[in-house]
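Trainee: Could you walk me through this structure, one feature at a time? I would like to learn how to read strands, helices and ring pairs.

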Amino acid sequence: MHSQPPVAVLGGGSFGTVLANLMAEKGLDVRLWMRNEAAVAQVNQQHRNERYLPGRDLASTLTATTDLGEALTGTQAVFIAIPSSAFRDVLKHAMPWLRPEQLLVSTTKGIEAGTFCLMSQIIEQECPRARLGVLSGPNLAKEIAQKQLTATVIASSDAELREQVQALLHTSCFRVYASTDTYGVELGGTLKNIYAIAAGLSAALGMGENTKSMLMTRSLAEMSRFAVSLGANPMTFLGLAGVGDLIVTCMSPLSRNYRVGYALGEGKTLDEAVAALGEVAEGVNTLRLVKEKAESLGIYMPLVSGLYEVVFNSAPVKEVARGMMLNVQSTDVEFVLPRQEC
């Protein structure tokens, strides 16, 4: 018998499956909600999710279902690993089975089109009484599945939630750090997807280590400048959800956004690049939304502007890069603390 109440994971993509499996392997009662009936049958009968984690065995105790009510009833914590475009819709459908004492934890790194809402804001709007947190960090699902040493961040203003999530997820290979800067952690995980596309692009074009280093460092400055303008703590960007996630996603061919950038660098169109991936690359949508937001707020983001021209307007990469090098040279370190109220 399980001594703890069950846990639900909504979304059977690579990260949702890995998270559910990690907890199931610890002996927790985990229910994985997926839309696809064939995928559910595969998890329950063959203990596999071949589409997202090919060749990887899942815990025999992990149960999958297409029934939201079955997944959510009586659970203590709900991890939501749904692409940003469907996040609000799934949450609305889940509402009849959600209770105020449950923990709702978003693992989605994206922004909702039309509202510029982060996933925690969608949870606040749809479930105003919810206890919510966000999980973010340098967490490539395939490496977690291989039990490579990995760390992540749980961010929430709710101390008890942070402790409970740490207890649920902590293993000898998966370490969970805590933060109170929900917005900053979530923005870090979201914004880095843009710069991973730029990193993939530059790799395909054969750019050197100096270029990669410059790209990542300037990306970090740009990310923090944008996030501080929206109210995040810049120090968050020196941690796992900022520089940590940026490094892994800009250096790893396993990163979906990196692979989209690489395909673009090889001369594929955006549609071809996304089709070849076969999964959602949140960075493509995030790039469009952040460019609009930065322009409306007057935030200087030369990398975002340049990448936008390459991705959406088929601008020649070399010319865009040359133009960036001619930009006004700003200061090196831009981790300016938010001004204190007098």
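Trainee: Let me start with strand pairing: which residue in β2 does L10 stand opposite?

Mentor: L10 stands opposite W33 in β2. Before we go on, this is a predicted model, in which local features need pLDDT of at least 70 and side-chain atom pairs count only at pLDDT 80 or more, while totals for chains, interfaces and linings use all residues. Residues are numbered from 1 along each chain as its sequence is written, and side-chain values use heavy atoms, with hydrogens and water left out. Helices (H or I, at least four residues) and strands (E, at least two) are DSSP runs, numbered from the N terminus.

Trainee: In what sense do β1 and β2 pair, and over how many bridges?

Mentor: Two strands pair if DSSP finds at least two bridges between them. Strand β1 (residues 7-10) and strand β2 (residues 30-33) pair in the parallel sense over four bridges. Strand β2 in turn pairs in the parallel sense with β3 (residues 63-65) over three bridges, with A64 as the partner of L32.

Trainee: Which hand do the crossovers between these strands have?

Mentor: Point the strands away from you: a crossover is right-handed if the path from the first strand over the helix to the second runs clockwise. β1, helix α1 (residues 14-25) and β2 make a right-handed β-α-β unit. The chain then crosses from β2 through helix α2 (residues 37-46) to β3, and this crossover is right-handed as well.

Trainee: Are the faces of β1 covered or open?

Mentor: Buried means under 20% relative accessible area, exposed over 50%, and partly exposed in between, using a 1.4 Å probe and protein chains only. Both faces of β1 are covered: V7 and V9 on one side and A8 and L10 on the other are all buried. In β2, V30 and L32 point one way and R31 and W33 the other, and all are buried.

Trainee: How do I check the length of a helix such as α9?

Mentor: The expected span is 1.5 Å times one less than the number of residues. For the 21 residues of α9 (residues 209-229) that should be 30 Å, and the end C-alpha atoms are 30 Å apart, which agrees. The buried residues of α9 include L215, M216, L220 and F226. Just after α9, G231 takes a positive phi of about 105 degrees.

Trainee: How many aromatic pairs does a search of the whole structure find?

Mentor: A pair of aromatic rings is described by the distance of the centres and the angle of the planes. Rings of Phe, Tyr and Trp (its six-membered ring) pair if their centres lie within 6.5 Å; planes under 30 degrees apart count as stacked, over 60 as edge-to-face and the rest as tilted. The search finds three pairs. One of them, F116 with F226, is edge-to-face, at 6.2 Å centre to centre and 65 degrees between the planes. F116 lies in the loop between β6 (111-112) and β7 (117-118) and F226 in helix α9, so the pair ties together parts that are 110 residues apart in sequence.
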